[in-house]
Amino acid sequence: MGNIIPDNAPATPSGSNMAAPNKDLVGHKLLILMDSDLPDGYREHLRSKFPGLQVVHSRTSPWIDMKAPISGMADDDWATVTVLLTGPRVPTIEQAPKMQLVQLQSAGANYILEKPLFKDTKIPFCTANGVAGPPISEWVICTYLAYQHRIPHYLDNMREGNWERNWGDLKTSDVVTQRVGILGYGSIGRQVARVATAMGMEVYAYTNRPRPTPESRRDHSYHPPGLGDPEGTLPTRWFSGTTAAELSEFLGSGLDLLVVAVPLTSETRGMLGATQFKLLATRKTYVSNIGRGPTIVTDDLITALDEGWIRGAALDVTDPEPLPKDHPLWKKKDVIITPHVSGHSNSYNKRLLAILDINLEKLSGGSAEFINQVSRKRGY
């Protein structure tokens, strides 16, 4: 994955020079930090597939209190952990000298970029990229259609018992032939493209690196079987680049819906501000952010709404987050806000463990490359 490691990084733990194949994962210990039950039969499945793997499941959230005791574990127990399923909570390098693989529970990896176990070692970290594609794509389309068909307005009427049938609704625009621009064409963006295409929309894709060939447009990260756009054939136009001019070309391409799906990095922080929103004014593009809140300059988003540069926005992520109760975004017309829940699904853990399964198999085969592996150069 092109990881860049400091010259003085510790020789151990090191996940880039993997050992010889170890089919049964003899001597390995998997620690799962997850505050919910494992799916029925999952332990048995692992025991059958990797007889030598010791599995420890602690019903401890790796997201809430980084210093709280881990249920069923003493501090010394980190010393024997070789594989970890977690969120932001990771041990120090000294605590986990045998660590060989870390599987994150989220698609984003921004919260581990400065942690020594990531930045000062070669241990592979892998994301849950692809797990939330189905529910997030549903959220994107759901909120856009709700805006298009004035669903919030009719919900208000329903609460008041007001039957308002307005023939002006015949001016409602359905999405057939509308153009969706997907800023960040990863697994989530590709599932949005699949659903949008099925509804008759045209898809434009934007990536930071050029994708001029069919091979370069393929996606090798995880996606649920039969979903997404793994071959990269759905967009009718591809845009790419990291400069303001290249981004402007994409934003000025006549988009009806802009889906913001880029990871949060130093390059993407604040990438959408007043200058960029003005480029959307011709079509009054609807903006949907399901990536990370700081990608958008919030004050400039408010200005764009007030000035009519964009027709509305759907925000599952905000900056700040949580959004304070008195924040002006709550009161803005044609804005839908949800509290970072678009990826929630009762299938989440099942898909997450499917990724872990794939990576355990790669580990058992002695591979140095894993699915959804985070690049230390790019930060995602």
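## A pair of helices

Helix H1 (residues 42–49) and helix H9 (residues 348–364) have axes that come within 12 Å and cross at roughly 15 degrees. This is a predicted model, and what follows describes that model. Two packed helices are described by the angle between their axes and the distance between the axes. Angles under 35 degrees count as roughly parallel, and H1 and H9 are therefore roughly parallel to each other. The crossing in which H1 passes H9 is right-handed.

## The five-stranded sheet

Five strands, in the order S2-S1-S3-S4-S5, form an open sheet whose pairing is parallel. Strand S2 (54–58) and strand S5 (125–126) stand at its edges, and each has a single partner strand, so one side of each is left without a neighbour in the sheet. Strands of a sheet pair through backbone hydrogen bonds, either parallel or antiparallel.

S3 in turn pairs with strand S4 (residues 101–104) in the parallel sense over four bridges, where Thr 86 stands opposite Leu 104 in S4.

## The two faces of strand S3

In a regular strand the side chains alternate between the two faces of the sheet. Strand S3 (residues 83–86) can be read in this way, with Val 83 and Leu 85 pointing one way and Leu 84 and Thr 86 pointing the other way, and all of these residues are buried.

Among the buried residues are Gly 133, Pro 134, Pro 135, Ile 136, Trp 139, Val 140, Ile 141 and Tyr 144. After H3 comes Arg 150, whose phi is positive, near 60 degrees.

Are Cys 126 and Cys 142 buried or partly exposed? Cys 126 has a relative accessible area of 0% and is buried, whereas Cys 142 has a relative accessible area of 49% and is partly exposed, because buried means under 20% and exposed over 50%. A disulfide is a covalent bond between the sulfur atoms of two cysteines. The count of disulfides in this model comes to zero.

## The seven-stranded sheet

A further open sheet has seven strands in the order S8-S7-S6-S9-S10-S11-S12, with parallel pairing. Its edge strands are strand S8 (237–240) and strand S12 (335–337), each of which pairs on one side only. Neighbouring strands of this sheet are turned against each other by 15 degrees on average, direction ignored.

Within this order, strand S9 (residues 257–260) and strand S10 (residues 286–289) pair in the parallel sense over four bridges.

Definitions and conventions:
Residues are numbered from 1 along each chain as its sequence is written. This is a predicted model: local features need pLDDT of at least 70, side-chain atom pairs count only at pLDDT 80 or more; totals for chains, interfaces and linings use all residues. Side-chain values use heavy atoms; hydrogens and water are left out. Buried means under 20% relative accessible area, exposed over 50%, partly exposed in between (1.4 Å probe, protein chains only). Two strands pair if DSSP finds at least two bridges between them. A disulfide is a pair of cysteine sulfur atoms within 2.5 Å. Axes are lines fitted to C-alpha atoms, for helices over the stretch in contact, and angles run from 0 to 180 degrees between N-to-C directions. Angles under 35 degrees count as roughly parallel, over 145 as roughly antiparallel, 65 to 115 as roughly perpendicular and the rest as oblique. A crossing is left-handed if the near helix is turned anticlockwise from the far one by less than a right angle, and right-handed if clockwise.
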